[in-house]
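Colleague: Please show me the model, and then I will ask about its parts one at a time.

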Amino acid sequence: MSVHDVIVIGGSLAGAACVRRLERMGIDAIALERDRFPRPKVCGGFLSPGAVDCLGRLGLVDEILDAGAVEVTSARVRAGSAEVEFPFKRRGLGISRTVLDEVVARHTRVKQGCGVQEVKRHGRMFHVNGMECSVVIDAAGKLSRFTKRRGAGDFGIQYVEPGTQGPVLKFSFFDHGYGGSVSVERGRSNSCFLVKKDALRQYVDREDCLVTGPLAYDRLPGDFIAVGDAAGMVDPFCGEGMRHALETGMLAAQIVAQGIRRGANYEEMKAEYEAEWRRRWAAKRVVGAMIRRLLAHRRTFAAGLRVTPVWLLNRMWD
Ligand SMILES: Cc1cc2nc3c(=O)[nH]c(=O)nc-3n(C[C@H](O)[C@H](O)[C@H](O)COP(=O)(O)OP(=O)(O)OC[C@H]3O[C@@H](n4cnc5c(N)ncnc54)[C@H](O)[C@@H]3O)c2cc1C
């Protein structure tokens with residue numbers, strides 16, 4: 001039986017960022033990923049300036065630009081007859097998850113094609129897929145079987161089309177949901193929308209349409225340190241899910257590496273991580289939840305958009 005300090009379940013953005021950081025800090029870590037990259041994934045493909053920052057800290061921005069990521073310098077948001085366009089203070093990037101996930105997992109200890117069915121605990125040690133470790137991290141995404149969440153009635157749909165949107169992220173709110181389009185590699189646009197379950201059928205008749213869901217924003221208390229979507233989703237309106245995944249992956253790595261060095265037990269590391277996660281992310285998640293509620297009152301929402309100061313929009317998307 002092989003023994004590691006840390007096993008991460010899931011090797012997409014949160015899992016790969018976590019392992020990459022742990023490896024740099026001299027911790028023996030491995031991520032077990034069910035899929036094989038490259039593979040498509042439903043996502044808007046917009047890396048916010050904050051997400052680009054995280055990729056910079058992981059030393060990956062040049063590789064992502066080499067892979068064809070497109071600079072995004074402003075957003076145009078439309079709700080009903082209200083339209084607001086504002087420049088970003090720092091650049092974001094557009095890239096498909098087919099390409100991005102492959103780049104982030106590259107040169108990192110991510111074992112692909114390796115799904116995890118069960119985690120067993122014996123005292124201070126965990127047993128996962130015939131391996132043993134003292135720390136397990138759940139990075140298995142919004143549908144993780146290891147951290148339960150409260151389901152919502154929304155689904156995500158996505159398709160890729162020829163032609164670009166230039167350097168503008170186009171975002172709109174419509175009757176059944178919201179979403180937008182952004183330029184991605186190879187002169188194409190990635191379009192992605194969040195729609196209510198009842199309306200799903202109207203949107204999925206395209207052959208190339210990918211669907212995911214149901215989405216689940218809030219996690220329920222669980223046994224594992226959870227990063228990225230497994231820890232709870234940031235509303236896609238904020239365009240910050242990937243930043244959350246990368247940042248929480250790195251945050252957990254830092255807390256776990258320090259914990260292992262001082263001989264802390266798993267529960268201490270989990271409590272420290274969760275307190276820090278709440279401190280950094282609670283406000284943004286509350287904004288997301290408020291926007292979801294406001295969307296039911298479309299006229300108020302459109303009126304609110306007209307008077308929202310640009311600095312506030314910028315803060316949300318940065
Ligand atoms: C419609 C929609 C649009 C979005 N648009 C944007 C956007 O434009 N910008 C943005 O920043 N964010 C966006 N997001 C959010 C973003 O996609 C997620 O926040 C991000 O993918 C989370 O990354 P993650 O690594 O936590 O999870 P995931 O990317 O879901 O990765 C989880 C990984 O775990 C693996 N896995 C699952 N179960 C197991 C198992 N049992 N064993 C092993 N591996 C397993 C999966 O194969 C997967 O690769 C959007 C989300 C939706 C739904």
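Colleague: How many bridges join strand S12 to strand S13?

Modeller: This is a predicted model, in which local features need pLDDT of at least 70 and side-chain atom pairs count only at pLDDT 80 or more, while totals for chains, interfaces and linings use all residues. Residues are numbered from 1 along each chain as its sequence is written. Strands (E, at least two residues) and helices (H or I, at least four) are DSSP runs numbered from the N terminus, and two strands pair if DSSP finds at least two bridges between them. S12 covers residues 168-174 and S13 residues 177-184; the two run antiparallel, and the number of bridges joining them is five.

Colleague: Which residue in S13 is the bridge partner of Ser-172?

Modeller: Strands of a sheet pair through backbone hydrogen bonds, either parallel or antiparallel. S12 and S13 run antiparallel. In S13, Ser-172 has as its bridge partner Gly-179.

Colleague: Which strands are the edge strands of the open sheet?

Modeller: Eight strands form this sheet, with mixed pairing, in the order S3-S5-S4-S12-S13-S14-S11-S15. An edge strand here pairs on one side only, and that applies to S3 (46-47) and S15 (210-212).

Colleague: Which residue in the turn between S13 and S14 has a positive phi?

Modeller: S13 and S14 run antiparallel and are joined by eight bridges, one of which pairs Tyr-178 with Leu-194 of S14. The two strands form a hairpin with three residues between them. Most residues other than glycine have a negative phi. In this turn a positive phi of about 60° belongs to Arg-186.

Colleague: Is Arg-186 buried or exposed?

Modeller: A residue is buried if 20 or more other C-beta atoms, placed from the backbone, lie within 10 Å of its own, exposed if 12 or fewer, and partly exposed in between. Arg-186 has 12 C-beta neighbours inside 10 Å, so Arg-186 counts as exposed.

Colleague: What is the omega of the peptide bond from Gly-213 to Pro-214?

Modeller: Pro-214 sits in the loop between S15 and strand S16 (216-219). The bond from Gly-213 to Pro-214 is cis, and its omega is near -5°.

Colleague: At what angle do the axes of H6 and H7 cross?

Modeller: Axes are lines fitted to C-alpha atoms, for helices over the stretch in contact, and angles run from 0 to 180 degrees between N-to-C directions. The axes of H6 and H7 (residues 266-294) come within 10 Å, and they cross at roughly 145°.

Colleague: How many nonpolar residues does the contact of H6 with H7 have?

Modeller: Two residues are in contact if their C-beta atoms, placed from the backbone, lie within 7 Å; among them are Leu-251 of H6 and Trp-277 of H7. Ala, Val, Leu, Ile, Met, Phe, Trp, Tyr, Cys and Pro count as nonpolar, Asp, Glu, Lys and Arg as charged, and the others, Gly among them, as polar. This contact has three charged and three polar residues, and its nonpolar count is eight.
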